[in-house]
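Here are my notes on the model, point by point. Please read them with the structure open.

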Amino acid sequence: MHPLLHIKNLSLHFQQGKSQTVAVQDISITVNRGEIVAVVGESGSGKSVTALSILKLLPSPPAIYTNGEILFSVNEEGPVDLLRLNYSQLQKIRGKEIGMIFQEPMTSLNPVKQVGDQVQEVILIHQNVSKEIAAQNTIKLFRECGITEPGKIYKRYPHQISGGQKQRVMIAMAMSCNPALLIADEPTTALDVTVQKKILLLIKNLRGTHNMGVLYITHDLALVYEIADRIVVMNRGVIVEEGLTTSIFNHPKQPYTKALLACRPALYPKGTRLPVVEDFLNGNNITPFLKVRETLQATNENLISFNNIIEVKNVVVKYAGRRNLLGTVTQFNKAVDDVSFDVRQGETIGLVGESGCGKTTLGRAIAGLIKLSSGEITFRGQNIANIPAEEMRRLRKKIQVIFQDPYSSLNPRMSVGTAIEEPMMIHKIGNSENERRQKVMDLLSKVQLKPEHYNRYPHEFSGGQRQRICIARALALNPEFLICDESVSALDVSVQAQILNLLNDLKAEFNFSSIFISHDLAVVRYVSDRIIVMYNGKIIETGTADELYYHPQSNYTKALINALPQVKLAGL
């Protein structure tokens with residue numbers, strides 16, 4: 001029996017002028033029917049390039065296949081080499097025999113077409129059925145993929161449904177023609193942990209129901225612990241380790257594999273310093289990371305005073321819901337519903353909950369980016385909820401935000417040095433251009449970048465580096481209060497560890513207070529002093545980080561914790 005998919009000695013590079021960049025080098029991967037194979041690695045490891053190569057979705061040039069075959073066995077006639085097929089031959093396989101779930105559903109779905117029509121279109125292309133039958137099959141697929149009220153979702157546009165629903169629509173589209181092979185490229189990145197767990201279980205169940213092979217691409221090794229049969233670990237375009245899932249987790253052989261397992265904050269007490277990939281690759285002793293660093297813990301505790309820097313009192317933020325024919329609002333939706341809490345000087349408050357719970361809205365309201373419907377927000381005793389715009393502009397110097405997506409929050413036409421220096425010029429910090437430039441250089445060094453990066457542009461940096469640039473820009477004004485909004489949610493686990501270590505170091509140096517917003521309770525527990533859990537705009541539980549994480553009271557908090565990947569540090 002031939003394997004369903006056999007990537008055999010594949011090598012690929014990208015041509016840029018006269019230079020070449022090797023993307024993957026002599027890799028071989030097999031996937032059998034009814035098997036889930038996970039390909040794991042950091043950004044730039046070559047895993048997504050490998051997935052896109054299977055259906056030749058990379059533009060060529062610049063992508064050039066220098067060696068290898070991609071053999072696909074869809075029937076008893078034997079395997080065909082997908083790399084040798086022409087466009088029309090590939091079109092018969094794309095979507096029908098091989099389905100693909102892309103990483104970002106919002107950019108993969110057409111924003112001007114109803115989601116039902118988009119799935120129905122795939123069925124009509126590959127199956128000889130009427131529009132009525134295609135519509136019925138689409139609704140059936142939505143139901144099979146766990147979409148509630150599939151008839152209503154069918155008629156909605158992508159912007160009208162949640163991230164989890166969009167991902168389910170993409171899965172329905174990929175499954176619409178009952179493919180033999182499903183390629184899932186980072187299908188749960190940046191989704192809530194509860195939605196993430198549901199998507200993983202859905203893919204596992206669909207595998208069993210349809211006896212299809214699955215190639216699952218991810219940067220989080222712990223994520224595939226419960227669903228993958230075999231794991232392939234990639235780094236810098238080559239396969240460094242592969243084997244059965246139990247073998248990889250219980251007896252990892254390569255330092256890089258051990259690093260991917262060990263860098264997760266869930267494994268360490270608050271106050272420790274997280275290990276990063278370089279610690280393993282350089283052969284450093286990681287024993288200090290497995291013990292509480294008493295000096296750092298004591299330093300963090302001493303930073304907190306009993307003086308409140310922020311007080312949130314009975315805050316309500318409402319959005320217009322329904323309107324009548326005259327445009328008058330007849331119903332409001334409460335994004336934040338009567339929320340009260342305070343933040344002490346030097347304290348980090350974790351704000352956790354699923355998408356739509358109101359945590360980001362609350363963070364933006366504190367930063368003055370959203371107006372309150374009612375309530376008060378005081379900063380050092382001054383009510384900032386409804387102060388004049390000019391006064392709020394001056395106050396922004398003291399309250400800064402690090403946004404979730406560093407690329408969209410940086411001007412692509414502005415060098416990173418200018419981007420960091422711009423707020424200093426606006427708020428008249430520094431007596432001269434040379435003085436401001438020197439401060440920018442110092443900030444770049446503090447966030448582990450180099451002074452020569454000053455003149456480079458955002459697209460020349462990795463995701464983790466761009467996030468460090470945003471942190472440097474936020475610190476340029478010496479803020480007293482920092483709001484981190486999902487600032488590590490979409491990063492590789494090792495890059496995430498670097499950013500969390502950096503935030504801890506900078507907090508000790510600058511003594512700022514902060515709110516850390518995330519859907520991941522493990523990350524929030526590691527970085528926070530106290531945690532607030534939100535659901536449907538309300539606070540449903542609050543407590544110290546360890547108390548809430550290890551002894552949750554509400555069923556909702558327990559569900560958030562149970563949805564986290566549960567993996568032990570075996571074999572390290």
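1. Strand β1 (residues 5-16) pairs with strand β4 (residues 63-72) in the antiparallel sense, over eight bridges. Strands are DSSP runs of E with at least two residues, helices are runs of H or I with at least four, and both are numbered from the N terminus. Two strands pair if DSSP finds at least two bridges between them. Opposite Ser11 stands Asn67 in β4.

2. This is a predicted model: local features need pLDDT of at least 70, side-chain atom pairs count only at pLDDT 80 or more, and totals for chains, interfaces and linings use all residues. Residues are numbered from 1 along each chain as its sequence is written, and side-chain values use heavy atoms, with hydrogens and water left out.

3. The open sheet has four strands in the order β2-β1-β4-β5, with antiparallel pairing. β2 (19-31) and β5 (80-81) are at the edges with a single partner strand each, so one side of each has no neighbour in the sheet.

4. Helix α1 (residues 47-54) lies across β1, β2 and β4 and runs at about 110° to β1. Contact means heavy atoms within 4.5 Å. Axes are lines fitted to C-alpha atoms, for helices over the stretch in contact, with angles from 0 to 180 degrees between N-to-C directions.

5. Check the loop between α1 and β4, where Pro61 lies. The Ser60 to Pro61 peptide bond is cis, with omega near -5°. Pro61 and Pro62 are also joined by a cis peptide bond, with omega about 15°. Most peptide bonds are trans.

6. β19 pairs with strand β20 (residues 538-544) in the antiparallel sense over six bridges. Val533 stands opposite Glu541 in β20. The two strands form a hairpin with two residues between them, and Asn536 in the turn has a positive phi of about 55°.

7. Asn478 also deserves a look: its phi is near 50°, a positive value in a residue other than glycine. Asn478 sits in the loop between α17 (463-475) and β17 (481-485).

8. How many aromatic pairs does a search of the whole structure find? Three. Rings of Phe, Tyr and Trp (its six-membered ring) pair if their centres lie within 6.5 Å; planes under 30 degrees apart count as stacked, over 60 as edge-to-face and the rest as tilted. The Tyr535 and Tyr556 rings have centres 4.6 Å apart and planes at 45°, so this pair is tilted. Tyr535 is in strand β19 (residues 530-535) and Tyr556 in helix α21 (residues 555-562), 21 residues apart.
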